[in-house]
Amino acid sequence: MTPTFKNISVITALAVLAFFTFLMLRIVIPYRTLETDIAFLQLKQAFIHIDVWRISFFIHVFTSTLVLFAGFTQFSKKLLKNKPKLHRRLGYIYVGNILLITGPSGLIMSFYANGGILSIIGFIILSILWMSTTGIALYKAINKDFIGHRMFMIRSFALTLSAISLRAEKVLFAEFTDIAPMDRYRIIAWLGWGLNLLIAEIIIYNLRKKKKALKLSVA
């Protein structure tokens with residue numbers, strides 16, 4: 001059987017999910033022992049004694065993979081069509097996790113970001129936008145505005161993916177530029193989510209344009 005474009009898209013999407021999940025698990029696994037002097041925490045020894053920061057860090061790390069997986073499933077048309085209840089349950093897991101757990105813990109961590117005030121402001125804005133777009137997506141769904149719901153879910157998930165893009169950009173900057181580490185961090189504190197959100201807006205614009213063209217062709 002010759003694979004269709006739709007089948008290739010599904011396979012590609014699953015491969016992307018597997019790749020992102022693998023990356024997040026690689027990040028999370030070292031912290032399972034709750035040691036405070038490993039990996040990223042080696043750079044945060046000045047804050048490790050602050051209970052609210054330390055607890056927020058571990059909560060954020062251990063819940064981020066679930067957010068990524070649950071969010072990814074929300075864009076499966078097959079899941080929505082064949083298992084709408086599962087779609088909603090995973091959606092509530094995604095939204096609840098961001099609004100009540102991962103988002104607030106990320107916001108707390110933002111106030112202790114490396115790179116000074118520029119980085120702090122960048123991560124605070126990221127946290128607020130992440131929770132806001134997710135909350136609006138939920139509001140739209142409750143009010144049966146499913147088009148609006150989809151648009152804000154695209155924005156929300158683009159910000160969710162900043163967990164991956166930030167780390168990827170960090171590696172790229174380290175390998176291909178001579179920018180000082182703290183300066184790199186200040187740039188990534190904005191680029192890590194800003195570029196994602198820009199891409200999300202381009203996707204939303206194209207979807208709206210396509211939908212408008214479809215309406216005109218039917219009229």
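Helices (H or I, at least four residues) and strands (E, at least two) are DSSP runs, numbered from the N terminus. The expected span of a helix is 1.5 Å times one less than its number of residues. The model is predicted: local features need pLDDT of at least 70, side-chain atom pairs count only at pLDDT 80 or more, and totals for chains, interfaces and linings use all residues. Residues are numbered from 1 along each chain as its sequence is written, and side-chain values use heavy atoms, with hydrogens and water left out.

**View 1. Helix α5 and the residue that follows.** α5 has 26 residues and reaches 37 Å from its first C-alpha to its last, close to the 38 Å expected at 1.5 Å a residue. Its buried residues (under 20% relative accessible area, with exposed over 50% and partly exposed in between; 1.4 Å probe, protein chains only) include Phe123, Trp130, Met131 and Ala137. Just after α5, lysine 144 takes a positive phi of about 65°.

**View 2. Helix α6 in its surroundings.** α6 has 15 residues. From first C-alpha to last it reaches 20 Å, close to the 21 Å expected at 1.5 Å a residue. Of the 15 residues, 12 are buried, so α6 is largely enclosed by the rest of the structure. Among them are Phe152, Met153, Ile154 and Phe157.

**View 3. The α5 and α6 pair.** The axes of α5 (residues 117–142) and α6 (residues 146–160) come within 8 Å and cross at roughly 155°. Axes are lines fitted to C-alpha atoms, for helices over the stretch in contact, and angles run from 0 to 180 degrees between N-to-C directions. The two helices are therefore roughly antiparallel to each other (over 145 degrees; under 35 is roughly parallel, 65 to 115 roughly perpendicular, the rest oblique). Contact means heavy atoms within 4.5 Å. Leu126, Trp130 and Thr133 are among the α5 residues that meet α6, whose partners include Phe152, Arg155 and Leu159.

**View 4. Arginine 155.** This residue is found in helix α6. At 11% relative accessibility, arginine 155 counts as buried. Leaving aside neighbours within four places in sequence, arginine 155 is in contact with Thr133, Leu197, Ala200, Glu201, Ile204 and Arg208.

**View 5. Methionine 24.** Methionine 24 lies in helix α1 (residues 5–28). It is buried, with a relative accessible area of 4%. Not counting residues up to four places away in sequence, methionine 24 touches Ser64, Thr65, Leu68, Ala163 and Ile164. The C-alpha atoms of methionine 24 and leucine 68 are separated by 8.7 Å, with the two residues 44 residues apart along the chain.
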